[in-house]
Amino acid sequence: MSQQIIFFILAAITLTSAVVVVTIRNLFHAALALMVSFLGVAGIYVLLEAPFLGMAQLLVYIGAISILIIFAIMMTRRLMQTNESPFNSQAVGALVGAALALVILFVVIIRLYPMAPGDGVGQSAMAVDPAILQSSVARMGRSFVSAEAYVLPFEVASVLLLAALVGSIVIAWPRRGEEDNQ
Amino acid sequence: MIPLSWYLLLSAALFCIGLYGVLARRNAIAILMGVELMLNAVNINLVAFWRYLTPDRSVGLVWATFVLTVAAAEAAVGLALVISVYRNRDSVIAEELDTLKN
Amino acid sequence: MLAEWQYIGIFVALSPIFPLAPVVLNRLLGPHRPNPIKQQTYECGIETVGDTWIQFKVQYYIYALVFVVFDIEAVFLFPIAAAFGQLDLFAIGAAVLFIFLLTDGLVYAWSRGVLEWV
Amino acid sequence: MDILDLLKSLLSLSLGDFIRRNFGTGPGTELLIDIGGVVILSTFCLLIVIFLIWLTRKIVARMQDRIGPNRVGGRYGLLQTVADVMKLLSKEVINPAGADWVAFNAAPLLIVMAALLMWAVMPFAPGVIGVNLNIGIFYILAISSASVMIILLAGWGSNNKYALLGAFRAVAQMVSYEVPMILALLVPIILASTMSTEGIIAAQTLPFILFAPVSALIFFISSLAETGRTPFDLLEAESEIVAGFHIEYSGMKFGMFFLAEFLNTLFMSGLVVTLYLGGYRFFGLENWVSADGYPYGRLIGLIAFFAKTFLLYFIYDWVRGTLPRVRVDQILNFNWKFLVPLSLALVFFVAIVDKLIPTGTNVVVRMTIHLLLNILIAAVALELLRRRGRQNRLAMSAGGGSGGVEAVAGHGGGHDDHGHDGPQPIEDVPDVLDTPLGVREPVAVPAH
């Protein structure tokens, strides 16, 4: 019962701030709302007994990606003070499309999975030994680097990060003399 | 005692809000924020299925971490593009970046 | 597991009270007579010129960028370190390769001169 | 309910057990104990800061040949901080014109929240810990990385150029030093094979400082930068950007930033003690349980923990009282070109070497191997640094040389760019528009 209340609080925080993110004109406030939304999602992870991922969410999204976003907002600041609408010409169509997608997803989910809390499969979290959940982080670390699990995606992730770093530097770093033409 | 479907509904709602942001916003940074919301929705799904179906394996957590990685890489490159485009074109409005069109 | 995080949840719920109490007390005890001069932005005694939200060097963005990469690295390496006792030499090799690849990124950033503060 | 029982429980720091004995075990009792634990921990943290501020002022004053607080509350000025708090409470709260209300007011609250939340996993004595999370260290890292964001919030919200400049410097500095901190933290986790703070203490039959002195040093240096203390106090360099990101804050809102800074410093001292100095361990005495079942050893553990922590805190103050502030380019170059490569190499070799030591080896042998490895790495790093310094000096005395050959890797200046009078390989004009103040970083060496 108390878990359900916490779920509803977290879901309300997440969704409300997500709506604020996509509708508010002030981009800085949108970034703040985005952070609140991320926090809500981190709470959801903790509620799903994946606290490591919740903390990773905090570390990566709040601690790093938000800073990138705010820096980017800061650097492109001059254009932010217009009174133009924050939406483009297809906003109405987008709203209809997103609402349609939402309805379809809801129908599918409700058809496929039971909605009422109970004891069946999918009605409550699978009952497992707490020790298994406690050791899930170590298990995850092991499967990152074990040959029969995810060592290949793990190295690919590293290459992806390397590519992102190099690519971003190439893109964002001004070439020599570029400022002169500005 | 939370049914799996509640998490899925939350994730679906978050995904559609993000989708709306991506489709409707003019500013490129706001579009990227929408993408981040969508990726978060995906991660909620992954973790929820992990907890409800295979809590004794690490598959859901591992892939959620990879999604996190992809999200970070996407944000880094995307925002670098925004900064670079802003420097060259003086605009971050996605609709106005249509050089290829003409 | 959730019983442990219940403590953190309560902490998160209660901890705003501790900074909020002195701030509210200050608002109640202190005087409150705002006027435009008092509320002016402080800038060494001269009047503020121009917009505050000026633009900044791309340098800051690059530092944040390198940090993002190492942050993700932490997300991968912490679970591996926590499972260190159960790993074989192949696994350590994979983790070391991971670190090595990221070091490449740092070396590239260094050689491009983006870590140079100007 | 028994008064003697209560007193003994209090003395043995096992009040939770006392409550469980008397009110039964159940979710309600656990909730009550949790709430009580949160309130006690937070109140303790806030109260100890009052003492810490007095302590720091006294220590730094003595180092600078002054007396320090000596009027309010007897000849030692014990009540000086209390008087300061009173003064702050009676100050007017000013909301600067044009400030972003949400960000401006949320930042002081959030920064204290973040500073408090980290204490939840700090082990004070065996069993005396907010909660022993199995991902304790990662939790600390996540919360402390969030505080970077809060500083940015304060700087942006103030609508002040100095504040924003200070916030940007703070973010660049904190973000940079978080990298070596993360890498240094990996070493004790590798050695203990766990992320839980209590688990790391349990693994330290010999303190980890003997296993990993280089890691401890890197962690210490980066924690100095993370908490923004001298010599890395650029984010609030009074003589350059007035006060940094909290310039526009007055009264208790300013007090909150001050509080968080001291709380974080004490926390970092405690974390160094936990990770490298054995935490509450004191020759096994901390586990002593008396004949009638009260774990009085916890009191010994608590005393040991605080003795070590305040020793560390004294070292932080010592550094603060001794070293001058360094320039922003020096700070960042030192981080990216020395600390990060060093800590990468450290993690690299520690992981390999620790795996090569067969399991079941005597802990002293293992310690010796690790210590030798650390000494080797430190020696190589210092040798490289020495050569680099000599090249820079030669380049400087030659006048206008281009910095000489790089000793470590890549190219670019060393730790000191004075030699770069000639054209640099990649010259960049700061990406700024014309602003009245100019946003180039001042490079003046501070006067004190």
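Author: Helices here are DSSP runs of H or I with at least four residues, strands are runs of E with at least two, and both are numbered from the N terminus. Read from the N terminus, chain A has the element order α-α-α-α-α-α-α, that is, 7 helices and 0 strands. The model is predicted, and local features need pLDDT of at least 70, side-chain atom pairs pLDDT 80 or more, while totals for chains, interfaces and linings use all residues. Residues are numbered from 1 along each chain as its sequence is written, with chains lettered from A and ligands numbered from 1 in the order in which they are written.

Chain A has a radius of gyration (taken over C-alpha atoms) of 21 Å, well over the 16 Å from the globule rule (2.2 Å times the number of residues to the power 0.38) for 182 residues, so chain A is more spread out than a compact globule. Its C-alpha trace spans about 65 × 45 × 25 Å along the principal axes. The domain assignment, automatic or from a database, places domain 1 at 1–78 and domain 2 at 130–175 of chain A. The centres of these two domains, over C-alpha atoms, are 22 Å apart.

Chain A also meets chain B: 77 residues of chain A and 62 residues of chain B take part in the contact (C-beta atoms, placed from the backbone, within 7 Å). On the chain B side, H1 (4–24), H2 (28–53) and H3 (59–89) each supply at least two residues. H3(B) gives the most, 20 residues. That side of chain B holds 44 nonpolar, 11 polar and 7 charged residues, where Ala, Val, Leu, Ile, Met, Phe, Trp, Tyr, Cys and Pro count as nonpolar, Asp, Glu, Lys and Arg as charged, and the others, Gly among them, as polar.

Chains C and D meet as well, with 66 residues of chain C in contact with 82 residues of chain D. The side of chain C that touches chain D draws two or more residues from each of H1, H2 (17–29), H3 (58–82) and H4 (89–111) of chain C. Among these, H3(C) gives the most, with 11 residues. By class, this side of chain C has 44 nonpolar, 15 polar and 7 charged residues.

Note on methods: Two residues are in contact if their C-beta atoms, placed from the backbone, lie within 7 Å.
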